[in-house]
Amino acid sequence: MINVRTVTASRYVTPLREGGSLPAIIEADDDGLYVLKFRGAGQGPKALVAELLAGEIGRAVGLPVPEIVFVELSAELARTEPDAEIQSLIGASAGLNVALDYLPGSVTFDPLAFVPEMRLASAIVWFDAFVCNVDRTARNVNMLIWHRRLWLIDHGASLYFHHSWTSRDQHATRPFTLIKDHALLKYADELAEVDAEMAALLTPDKLAAIVQLIPESWLSNDPGFAGIPAQREAYLSYFLLRLQASDVFVQEAIRARSSHL
């Protein structure tokens with residue numbers, strides 16, 4: 001069973017002035033620190049959907065993604081913040097948001113200081129091609145080193161097509177050409193082997209359970225669908241079709257890697 005805990009934000013700690021989602025470190029009622037992604041940020045709830053789905057898929061296949069939690073955010077937290085932008089962001093995000101466990105003391109991944117194992121690099125490249133993550137490049141690696149281990153963060157830019165799509169779209173069977181810019185591509189020499197492993201791990205039941213995690217409030221008012229059940233079905237259909245057509249994006253990644261070596 002896939003379960004995502006819900007915590008309540010008790011204190012806004014500090015903003016992280018990076019990324020389009022304007023994340024922040026918050027303290028919750030379980031005394032934990034989390035990196036909060038705001039529903040009221042410019043990318044809207046779709047970025048939170050991507051963060052949740054991609055992150056939980058990564059965790060489901062054993063990739064090092066920090067724990068993901070739902071965060072209840074009260075507009076009252078804005079009263080103690082002197083920054084008008086932060087006040088506005090908290091007010092616009094009152095309700096349910098998403099956050100990742102904060103990794104204190106972590107540093108940004110640097111390939112000159114940390115060389116990942118080929119198997120792990122291959123799994124990460126496969127995963128990012130599967131969820132169409134455009135944001136794991138040398139310019140913005142979205143990977144941290146914490147306790148001498150690589151961790152994956154920030155998946156809000158995944159599933160980019162869902163910002164304007166319908167259930168008739170065929171994104172699932174298309175190659176992911178932007179994989180050529182992936183920060184770990186040169187290390188990913190076991191893509192074919194990893195492909196078989198991932199297919200075995202991502203069962204239809206597991207994918208369906210992950211899709212069911214999406215809060216209804218994040219799926220409202222999408223003109224491309226008849227209602228919330230249709231949106232959930234579209235996500236699940238995408239993942240199932242993408243898995244069946246994995247050879248399309250795996251071969252694209254292998255070709256891209258060969259051209260860079």
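Guide: Start with the lining of the second largest cavity: three nonpolar residues, three polar and two charged. Here Ala, Val, Leu, Ile, Met, Phe, Trp, Tyr, Cys and Pro count as nonpolar, Asp, Glu, Lys and Arg as charged, and the others, Gly among them, as polar.

Visitor: Which residues line the second largest cavity?
Guide: Asn133, Val134, Asp135, Arg136, Thr137, Leu178, Ile179 and His182. A cavity is a set of points on a 1 Å grid where a 1.4 Å probe fits but cannot get out, and lining residues have an atom within 4 Å of a point.

Visitor: How much space lies in the second largest cavity?
Guide: About 30 Å³.

Visitor: Is this an experimental or a predicted model?
Guide: This is a predicted model, where local features need pLDDT of at least 70 and side-chain atom pairs pLDDT 80 or more, while totals for chains, interfaces and linings use all residues. Residues are numbered from 1 along each chain as its sequence is written, and side-chain values use heavy atoms, leaving out hydrogens and water.

Visitor: Different topic. Where is Asp195 found?
Guide: Asp195 is in helix α4, residues 191–201 (a helix is a DSSP run of H or I, at least four residues).

Visitor: Buried or exposed?
Guide: Asp195 is buried (under 20% relative accessible area, 1.4 Å probe, protein chains only). Asp195 has no salt bridge (a side-chain nitrogen of Lys or Arg within 4 Å of a carboxyl oxygen of Asp or Glu).

Visitor: Which side chain of opposite charge is nearest?
Guide: Arg242, 9.8 Å away.

Definitions and conventions:
Helix = DSSP H or I, 4+ residues; strand = E, 2+ residues; numbered from the N terminus. Buried < 20%, exposed > 50% of the residue type's maximum accessible area, 1.4 Å probe, protein only. Lys, Arg positive; Asp, Glu negative; His and termini not counted. 1 Å grid on protein atoms, 1.4 Å probe; cavity = no way out; pocket = protein on both sides within 12 Å on 5 of 7 lines; lining within 4 Å. Points joined across faces, edges and corners; volume = space filled by probe spheres on them.
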